[in-house]
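Reader: Please take me closely through one part, the sheet and what surrounds it. Keep the cut-offs in view.

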Amino acid sequence: MSRRSGILEFAVLGLLRESPMHGYELRKRLNTSLGIFRAFSYGTLYPCLKTLVATGWLIEEPGNAPADVLPGAGRAVAPASSLAGRRAKIVYRLTAEGKEHFEELLSHTGPDSWEDEHFAARFAFFGQTEHDVRMRVLEGRRSRLEERLEKMSASLARTRERLDDYTLELQRHGMESVEREVRWLNELIESERSGRDQRRSSPEGSAQQNTAGESDGLPRRGNNPPDPSDDTAK
């Protein structure tokens with residue numbers, strides 16, 4: 001399995017864990033909620049869905065298409081779309097095995113989870129991720145970016161005299177993008193630590209945690225990571 005297809009499968013399982021959807025809804029959510037998939041097509045999504053169905057992690061169900069009622073007849077007839085030969089929408093639902101597999105994926109914190117695209121997908125589902133796993137992913141991502149920043153700085157120092165003004169400015173812009181994300185990660189890590197300390201010091205801390213493993217003071221799903229595609233000089 002390629003890294004790209006692995007990220008897509010992870011995102012599809014995560015979205016379907018929230019609620020069943022048909023293909024159009026999935027594609028829309030992937031485009032709007034997970035910007036890393038903004039350019040992908042149905043030709044990429046449907047083979048992924050078929051693979052997940054074949055592995056037993058998803059099931060296909062017919063969509064709810066209410067029948068029309070003839071005026072004064074009191075009886076239902078097939079929808080016009082069916083009469084025209086159009087296929088009914090298929091709804092995809094996560095199976096118990098699929099949910100278990102997704103939760104296993106959520107627990108992974110290896111180097112792949114620190115890379116640009118995979119980190120963005122992982123962060124989108126932090127609301128369903130355990131605190132300790134979130135911390136390892138955030139700290140791993142920060143370490144990876146600090147290494148990248150060090151290499152970019154060394155490269156710029158070696159080549160500065162040979163670069164024209166515009167190329168030099170592009171290099172600086174790339175470094176500023178990485179520095180900005182490192183600052184953002186520092187804030188998230190501090191917020192996670194503060195939230196953990198608050199839970200430990202509060203006798204009611206365990207009751208305040210929601211089903212996603214979060215509590216007040218921790219980052220929410222809406223805190224989107226900086227878009228890696230904006231970094232023009234990695």
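Author: Two strands pair if DSSP finds at least two bridges between them. Helices (H or I, at least four residues) and strands (E, at least two) are DSSP runs, numbered from the N terminus. This is a predicted model: local features need pLDDT of at least 70, side-chain atom pairs count only at pLDDT 80 or more, and totals for chains, interfaces and linings use all residues. Residues are numbered from 1 along each chain as its sequence is written, and side-chain values use heavy atoms, with hydrogens and water left out.

Start with the sheet. It is open, with 3 strands in the order S1-S5-S2 and antiparallel pairing. S1 (21-22) and S2 (58-62) are the edge strands; each has a single partner strand, so one side of each lacks a neighbour in the sheet. S1 pairs with S5 (residues 90-94) over 2 bridges, in the antiparallel sense. His-22 has Val-91 in S5 as its bridge partner. Helix H3 (residues 42-54) packs on the sheet and touches S2 and S5 (contact: heavy atoms within 4.5 Å). The direction of H3 makes about 110° with that of S2 (axes are lines fitted to C-alpha atoms, for helices over the stretch in contact; angles run from 0 to 180 degrees between N-to-C directions).

Now helix H2. Its buried residues are Gly-23, Leu-26 and Leu-30 (buried means under 20% relative accessible area, exposed over 50%, partly exposed in between; 1.4 Å probe, protein chains only). These residues span an arc of only 65° around the axis, which puts them on the same side of H2 (the arc is that of the directions from the helix axis to the C-beta atoms).
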